[in-house]
Amino acid sequence: MNSRFRNWSDVRVFLAVVREGSTLAASKVLGMAQPTVARRIDVLEHELGLTLFSRDTRGFTPTEAGEALIPSAQEIEAAVKGFADQALMQARTLPIRLTAFAENLSTATTDILSEFSLAHPDMTFEFLPNTLMLDLMKGEADVAIRISFSEQDPALVAHHISTAKFTIFAAPSYIAKHGMPRSPAELKDHAVYTLRRAGMPSALHDWVVRHAGADAIKGSYSEVVLLDVAIRSGHGIGIKNVRQAQPEVAAGTLVPCFDPPSELQAKHQILIAPKAYQRPEVRDFAKFFVPRYAALFQ
């Protein structure tokens, strides 16, 4: 007769009854109800076509057939444990690859990452170069902190953080000499600096060109810190993230020229590659990081 044995977990139940001597004692070890343990033994015996235990008032005693199967059951148990241990080891050796433009990070953000690392010392991060917009769907990174003007691949696991807003800022020294534009239409009468970087969408630069004209562009910078220096020099004005500019506005070193245009609103998101999200540690990281990071922008 062909065996209909299909459920490997019944081997675990079989060994528990062998070791504990009764279905009641085995149920406590397994965390199952006693009737469930008894039923699983009955099903296993039926599938194998064997009587594995003799039952009496003293409990369950392995029959000759049951005794003969114990070594094989122990080998299955050891193989399952080895499989689980190897999978866990492999998962723990894979770092969580995080990508973000440096300007999207802050001390508060790195504090959250440090807090997670302290709570999960077996997990590691790989911070990827931020000079390119890495493709999560192609596996170039696992998690991205991203501000984007275009729609992302719907297959990505996306967590909305905030709506990022941008506008034109000027240094007080520039305003003293040249005044400042009160609307996008007035940009053509001013010297404007923009942000433009290979591998990064040019939505901000393109918006400035549309409203100011190419002749008004006096310089394009690949790094936000260089753009900031140019704006603060007082020789031109430039576009900045409204939230990131708040400390300088409060200090009086920068002045917003007009309210953020609706065209310059972008989605601030945490994006996770679907394949990476299958990993338990990546889901644990998202559960920990996303609400704490989002709270920084409320």
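This report describes the pockets, cavities and helix contacts of a predicted model.

Residues are numbered from 1 along each chain as its sequence is written, and side-chain values use heavy atoms, with hydrogens and water left out. Because the model is predicted, local features need pLDDT of at least 70 and side-chain atom pairs count only at pLDDT 80 or more, whereas totals for chains, interfaces and linings use all residues.

## Pockets and cavities

Rolling a probe the size of a water molecule over the atoms shows where empty space is left. The search uses a 1 Å grid over the protein atoms alone: a cavity is a set of points where a 1.4 Å probe fits but cannot get out, and a pocket is an open set with protein on both sides within 12 Å along at least five of seven lines. Lining residues have an atom within 4 Å of a point. Grid points are joined across faces, edges and corners, and a volume is the space filled by probe spheres set on the points.

In the class counts, Ala, Val, Leu, Ile, Met, Phe, Trp, Tyr, Cys and Pro are nonpolar, Asp, Glu, Lys and Arg are charged, and the others, Gly among them, are polar. Helices (H or I, at least four residues) and strands (E, at least two) are DSSP runs, numbered from the N terminus.

| Space | Volume | Lining by class |
|---|---|---|
| Largest pocket | about 420 Å³ | 8 nonpolar, 9 polar, 3 charged residues |
| Second largest pocket | about 220 Å³ | 7 nonpolar, 2 polar, 4 charged residues |
| Largest cavity | about 320 Å³ | 13 nonpolar, 6 polar, 3 charged residues |
| Second largest cavity | about 50 Å³ | 7 nonpolar, 1 polar, 1 charged residues |

The largest pocket has 20 lining residues, and those nearest its centre are Asn241, Arg243, Gln244, His268 and Phe297. Two elements, strand E6 (157-170) and helix H9 (242-251), each give two or more residues to this lining. H9 supplies the largest share, 5 residues.

The second largest pocket is lined by 13 residues, with Arg97, Gly139, Asp142, Lys275 and Ala276 closest to its centre. Helix H10 (residues 274-277) gives the most to that lining, with 3 residues.

The structure holds 2 cavities of 30 Å³ or more. Around the largest cavity there are 22 lining residues, of which Glu103, Phe166, Leu195, Met200 and Leu204 lie nearest the centre. Strand E5 (143-148), helix H7 (203-212), helix H8 (224-232) and strand E9 (237-241) are the elements that give two or more residues to the lining of the largest cavity.

The lining of the second largest cavity consists of Thr99, Ala100, Phe101, Leu132, Met133, Leu134, Ala144, Ile145 and Arg146. Strand E3 (96-100) and E5 each give two or more residues to it, and the largest share, 3 residues, comes from E5.

## Helix packing

Two packed helices are described by the angle between their axes and the distance between the axes. Axes are lines fitted to C-alpha atoms, for helices over the stretch in contact, and angles run from 0 to 180 degrees between N-to-C directions. Angles under 35 degrees count as roughly parallel, over 145 as roughly antiparallel, 65 to 115 as roughly perpendicular and the rest as oblique. A crossing is left-handed if the near helix is turned anticlockwise from the far one by less than a right angle, and right-handed if clockwise. Contact means heavy atoms within 4.5 Å.

Helix H1 (residues 9-20) and helix H2 (residues 23-30) have axes that come within 8 Å and cross at roughly 120°, which means that H1 is oblique to H2. Their crossing is right-handed. On the H1 side the contact involves Arg12, Val13, Ala16, Val17 and Glu20, and on the H2 side Thr23, Ala25, Ala26, Val29 and Leu30. By class these are 7 nonpolar, 1 polar and 2 charged residues.

H1 also packs with helix H3 (residues 34-48), at an angle of about 115° and with the axes 10 Å apart. H1 is therefore roughly perpendicular to H3. This crossing is left-handed. Ser9, Asp10, Val13, Phe14 and Val17 of H1 make the contact with Val37, Arg40, Ile41 and Leu44 of H3.

Helix H5 (residues 107-119) and helix H11 (residues 280-295) cross at roughly 140°, with axes that come within 10 Å, in a right-handed crossing. Thr109, Ile112, Leu113, Glu115 and Phe116 in H5 meet Glu281, Asp284, Phe285, Phe288, Phe289, Arg292 and Tyr293 in H11. The contact of H5 with H11 has 7 nonpolar, 1 polar and 4 charged residues.
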